[in-house]
Each structure stands twice: as structure tokens, then as C-alpha cells.
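Look over the sequence and the fold before reading on.

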Amino acid sequence: ADGLSARAAVPAPVMSTLRRACFDCHSSETRWPWYARLPVASWLIERDVTAGRGQLNFSRWIQYNPFTRADLLDKMCKLATTGVMPLPRYLMLHADARLSSAEVAELCEWTRKEATRLVEGGS
């Protein structure tokens, strides 16, 4: 259990948002759509998932040191706030992953609290 909830208390609404909008590319819990079996699509999707996991893998959350986790949390808020994440090409086929302003606010409130906890000596 190296996943996000192993060490971080994640509010249920935030976890729901993360699962819906982030986990497909940033965890080992990817939901592979039917078109992931098509020749060109499979290569593109696997490339994006591999790149996403390389940047952040929630399934390996506790393998990152606390300062790296705090930095990832800061980036998560910034990328969601600026609309960089989820990727626009992902949203084209996954409209349900689009984040509302309320979801971004909830996410950022949690990432700030959790990053502060980690920097102040949390594990």
C-alpha cells in the first residue's frame, strides 16, 4: 500500500476528483478505454500514461520523500488552476474529467494543507 491514501488524509470529494480526472494517467489504476486496443491509439495512450506516471504516480505516493510530495502537491494545484491538467486532449474523450472551479478550489485547499503538513515534518 504505497498509494496516496496510505499516508495522506484525502477528503472524499477530493479523492473522487483525483480518481475521475487524474488516476487514469497518474496511477497504476488506469481505466483503459476500448479504443486503447486500436493500433495508433494504443501507442499514443500508452505514451501519455507512461509520461504521466513518470511525472506523478499516486500508486507510489509514499515512495516519494515528503519534500517531493509537497512540491508535487503545489504543482497539482497550479496545473489544475491554470487548466494545463487534465490535458486538453484527454478531456476531448473524457469530458467527465473536466474540473469545475469548485473542484479546483477543493483540490487546492487540500494540496496546500497537505504540503504544509509534509514540510513541517509530516510523513
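Which residues in α5 meet which residues in α7? Pro 66, Phe 67, Arg 69, Ala 70, Leu 73, Asp 74, Met 76, Cys 77, Ala 80 and Thr 81 in α5 meet Val 104, Leu 107, Cys 108, Trp 110, Thr 111, Arg 112, Glu 114, Ala 115, Leu 118 and Val 119 in α7. Contact here means heavy atoms within 4.5 Å.

This is a predicted model, in which local features need pLDDT of at least 70, side-chain atom pairs count only at pLDDT 80 or more, and totals for chains, interfaces and linings use all residues. Residues are numbered from 1 along each chain as its sequence is written, and side-chain values use heavy atoms, with hydrogens and water left out.

**The disulfide**

- The count comes to one disulfide, a term for a pair of cysteine sulfur atoms within 2.5 Å.
- Cys 77 and Cys 108 form the disulfide, with an S to S distance of 2.1 Å.
- Cys 77 lies in helix α5 (residues 66-81) and Cys 108 in helix α7 (residues 101-119), so the bond ties together parts that are 31 residues apart in sequence.
- Helices are DSSP runs (H or I, at least four residues), numbered from the N terminus.
- The torsion about the S-S bond of Cys 77 and Cys 108 is about 105°, so the disulfide is right-handed.
- Cys 77 is buried at 13% relative accessibility, and Cys 108 is buried at 5%.
- Buried means under 20% relative accessible area, exposed over 50%, and partly exposed in between (1.4 Å probe, protein chains only).

- Cys 22 is in no disulfide; its nearest cysteine sulfur belongs to Cys 25, 9.2 Å away.
- Cys 25 is in no disulfide either, and the sulfur of Cys 22 is the nearest cysteine sulfur to it.
- Cys 22 is buried, with 16% relative accessibility.
- Cys 25 is also buried, at 17%.
- Cys 25 sits in helix α3 (residues 23-26).
- Leaving out residues up to four places away in sequence, Cys 25 touches Val 49, Gly 52, Arg 53 and Tyr 90.

**Packing of α5 on α7**

- The two helices α5 and α7 pack at about 160°, and their axes are 9 Å apart.
- Axes are lines fitted to C-alpha atoms, for helices over the stretch in contact, and angles run from 0 to 180 degrees between N-to-C directions.
- That angle makes α5 roughly antiparallel to α7.
- Angles under 35 degrees count as roughly parallel, over 145 as roughly antiparallel, 65 to 115 as roughly perpendicular and the rest as oblique.
- α5 passes α7 in a left-handed crossing, where the near helix is turned anticlockwise from the far one by less than a right angle (clockwise would be right-handed).

**Packing of α2 on α7**

- Helix α2 (residues 12-21) packs on α7 at about 110°, with the axes 10 Å apart.
- That makes α2 roughly perpendicular to α7.
- The crossing of α2 past α7 is left-handed.
- Pro 13, Val 14, Thr 17, Leu 18 and Arg 20 in α2 meet Glu 103, Glu 106, Leu 107 and Trp 110 in α7.
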